[in-house]
Amino acid sequence: MEFWTTSIGLSKMRPMPGALADGYENYVRGAVEAERLAFDGYGSGEHHFMYDEFIPLPLQALAAAAAVTSRVRLSTNAMLLPLYDPMEAAEIAATLDVLSKGRVSLGLGMGYRPYEFDGFGTAKRTRGARLREAMEVLRLATSQETFSYDGEHYRYENESLFPRPVQRPIDMWFCGGTSLQGARRAGRAGLSYWLANSPFDHTKRIVAEYRRAGREAGFADAQLRVASFKDVCIGNTMEAAEGLRKVLMESFYDEHILGYGYLVDEDGRNVYDPSKQHPLYRRFVESFYCGTVEMVVEEKLATVDMTTIPGRVG
């Protein structure tokens, strides 16, 4: 079992105004602290055209983290791969892998905000297929001296990647939200699967479906790695921890959920403007770990049984 963390310092939240440069400095300091505290990994997310100046380039942010650390792994959580040319993404990731001496883990997601796709002039409706194809291109590019690929969306012939990464292939995870469709898609392709926030009972169901699909596709259990992203709200009392969750929901997540289709149903369809009593909204709120340090540690160790657990400490 591994524990990963990240930082919310790469954007400006309404209740906590501050200079963006300070947020970036805090992000780098957070990497140093994560390594000192013996976390296994440290991550950066990605969004574009945000009023709060959310970090748009996670690999560049992780390069700054790589410069001040030596052991902790560096992860994107998630890098929106359909917004990139796959070979461009491979070049940037390989460069960071060299700079960090082989510490890169790519959490790769398809994205969900329409205006991000519009802003880059690319189609949102094909993002799922392009994510799967692009991940295969990354695998080939970072594991073979020369490769060819003939897909529906991407085609390469006798292509070579430079620089060569330290890892062959580079470590990759399919970030598939919390839908059964995403779990099946990752399992059938034998991709390492990274879930979004979800209560434990639902997480167990999704993991079981992922592993079932993977086994039926002929993949060994050892190939079917699982990770779970969790927001953890810690306070001196349960009331204080739940208050932090309320701040995060009202100042950050509600905007994503109500306006951008962050939540998806079991078939992978985005749900826009749900009521706060909607089952998917309630499930998301209940996915947070809230409590004192002792309560959170006890709950995590008592309920989590997965191969790898990246987590976000809020």
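Start your tour by selecting Lys246 and Glu250: both sit in helix H8 (residues 238-260), 4 residues apart, or about one turn of the helix. Helices here are DSSP runs of H or I with at least four residues, strands are runs of E with at least two, and both are numbered from the N terminus. Show the two side chains, and you will find Lys246 and Glu250 meeting in a salt bridge, 2.8 Å from N to O. A salt bridge means that a side-chain nitrogen of Lys or Arg lies within 4 Å of a carboxyl oxygen of Asp or Glu.

Before moving on, a word about the model. It is a predicted one, where local features need pLDDT of at least 70 and side-chain atom pairs count only at pLDDT 80 or more, while totals for chains, interfaces and linings use all residues. Residues are numbered from 1 along each chain as its sequence is written, and side-chain values use heavy atoms, leaving out hydrogens and water.

Next, select Asp221 and Arg215, whose side chains form a salt bridge at 2.7 Å, N to O. Asp221 is partly exposed at 46% relative accessibility, and Arg215 is partly exposed at 45%. (Buried is under 20% relative accessible area, exposed is over 50%, and partly exposed is in between, using a 1.4 Å probe and protein chains only.)

Now pick Glu145 and Arg168, a salt bridge with its closest N and O atoms 3.7 Å apart. Glu145 lies in the loop between helix H5 (127-141) and strand S5 (147-150), and Arg168 in the loop between strand S6 (155-159) and strand S7 (171-175), so this pair ties together parts 23 residues apart in sequence. Glu145 is exposed at 53%, whereas Arg168 is partly exposed at 43%.

How many salt bridges does the structure hold? There are 13.
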